[in-house]
Amino acid sequence: MSTMRLIDGAEAHAPSGRPLAVVDVDEVVLQFIAPLAAFLERHGFRLEPRSFAITGNVTKIGGGQAIPSALVKELIDAFFRAEVESQPPVEGAVAALTRLAAYADVVLLTNVPAAQAERRAAHLGRLGLALPMIANEGSKGPALATLATAARARASGCPVIFVDDGPNHLAAARQAVEAIRLVHFVADPAWFAMAPEVGGTWLRTRDWGTVERAIGGLIGGDEAGLPIVGGGADA
Ligand SMILES: [Mg+2]
């Protein structure tokens with residue numbers, strides 16, 4: 001039975017006064033790149049790992065040219081309609097988030113298409129997660145600002161952590177929330193290697209154990225010796 005709660009925007013989250021961890025879903029909690037690439041192959045397209053972007057890197061199998069961005073968007077929408085309930089979890093994510101939720105408010109902030117949000121929440125619930133989830137559109141800055149303001153109104157100086165694979169979302173978070181701890185997390189090894197550096201990043205990793213230790217150290221007040229840039233899962 002699903003215990004995930006799809007909540008109606010950032011205003012709907014009532015902070016408990018504990019530290020706040022806001023966590024993206026695609027390529028952070030659920031695999032995205034690998035199942036998207038497999039879906040594209042089944043439909044005659046290929047995702048070329050040439051740079052950290054989907055648009056501009058999808059080609060028709062047998063042709064070399066990148067397909068137009070409007071078609072990429074259609075294919076991604078089709079991917080979510082077909083696969084939103086079968087995206088595999090990222091290794092270690094469910095266990096780490098479950099432990100983290102024992103001492104922090106964990107909120108999932110995902111840009112899944114609104115039409116698939118309920119199905120995503122149900123899928124995450126079946127994987128064993130019991131967390132609030134917000135279906136966002138566009139920049140994540142405004143939702144993060146609302147969540148952080150409410151958390152710090154309840155508990156001043158409350159640590160706020162944001163975990164996402166998207167450089168644009170991380171940059172928006174840095175602008176939107178003072179002293180936010182940015183975790184740049186990309187599960188896929190090839191895409192992790194291609195991900196551009198984001199200024200102000202606190203931790204860069206593809207390993208949930210590393211994230212959990214860093215957040216535990218932060219919340220426990222013991223940051224000494226923590227890496228600014230973490231290794232990959234194999235490091
Ligand atoms: Mg993502």
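This section describes the sheet, the nonpolar cores and the magnesium site of a predicted model.

The sheet is open and is built from seven strands, arranged in the order 1-6-5-2-7-8-9 with parallel pairing. Strand 1 (5–7) and strand 9 (201–205) form its edges; each has a single partner strand, so one side of each is left without a neighbour in the sheet. On average, and with direction ignored, neighbouring strands are turned by 25° against each other. In general, the strands of a sheet pair through backbone hydrogen bonds, in either a parallel or an antiparallel manner. Strand 8 (residues 181–185) and strand 9 run parallel and are joined by four bridges. In this part of the sheet, L182 stands opposite T201 of strand 9.

Helices pack on the sheet as well. Helix 4 (residues 117–126) touches strand 1, strand 5 (105–110) and strand 6 (132–135). The direction of helix 4 makes about 155° with that of strand 6. Helix 5 (residues 141–154) lies across strand 2, strand 5, strand 6 and strand 7, and runs at about 165° to strand 2.

The largest nonpolar core contains 55 residues, of which V29, I54 and W208 touch the most other members. Residues of this core come from both domain 1 (5–31 + 88–219) and domain 2 (33–83), so the core lies between the two domains. The surroundings of V29 can be listed in detail. When neighbours within four places in sequence are left aside, V29 is in contact with V23, D24, P89, V90, A93, L97, L108, L124 and L129.

One of these contacts, D24, is also a donor to the magnesium ion. The protein donors of this ion are D24 (OD), D26 (O) and D165 (OD), at 2.1 to 2.3 Å from the ion. Along the sequence, the donor residues follow the spacing D-x1-D-x138-D. D26 and D165 are 139 residues apart and link distant parts of the chain. D26 belongs to the loop between strand 2 (20–23) and helix 1 (33–42), whereas D165 belongs to the loop between strand 7 (160–164) and helix 6 (167–176). Residues under 20% relative accessible area are classed as buried. D26 therefore counts as buried, at 10% relative accessibility, and D165 counts as buried at 15%.

Technical notes. Residues numbered from 1 in each chain as written. Predicted model: local features only at pLDDT ≥ 70, side-chain atom pairs only at ≥ 80, totals over all residues. Heavy atoms only, no water. Core = buried A, V, L, I, M, F, W, Y, C linked by side-chain atoms within 4.5 Å. Buried < 20%, exposed > 50% of the residue type's maximum accessible area, 1.4 Å probe, protein only. Domains from an automatic or database assignment. Contact = heavy atoms within 4.5 Å. Donors = N, O, S within 2.8 Å, 3.2 Å for Na, K, Ca; no water. Helix = DSSP H or I, 4+ residues; strand = E, 2+ residues; numbered from the N terminus. Pairing = 2+ DSSP bridges. Axes fitted to C-alpha atoms, helices over the stretch in contact; angles between N-to-C directions.
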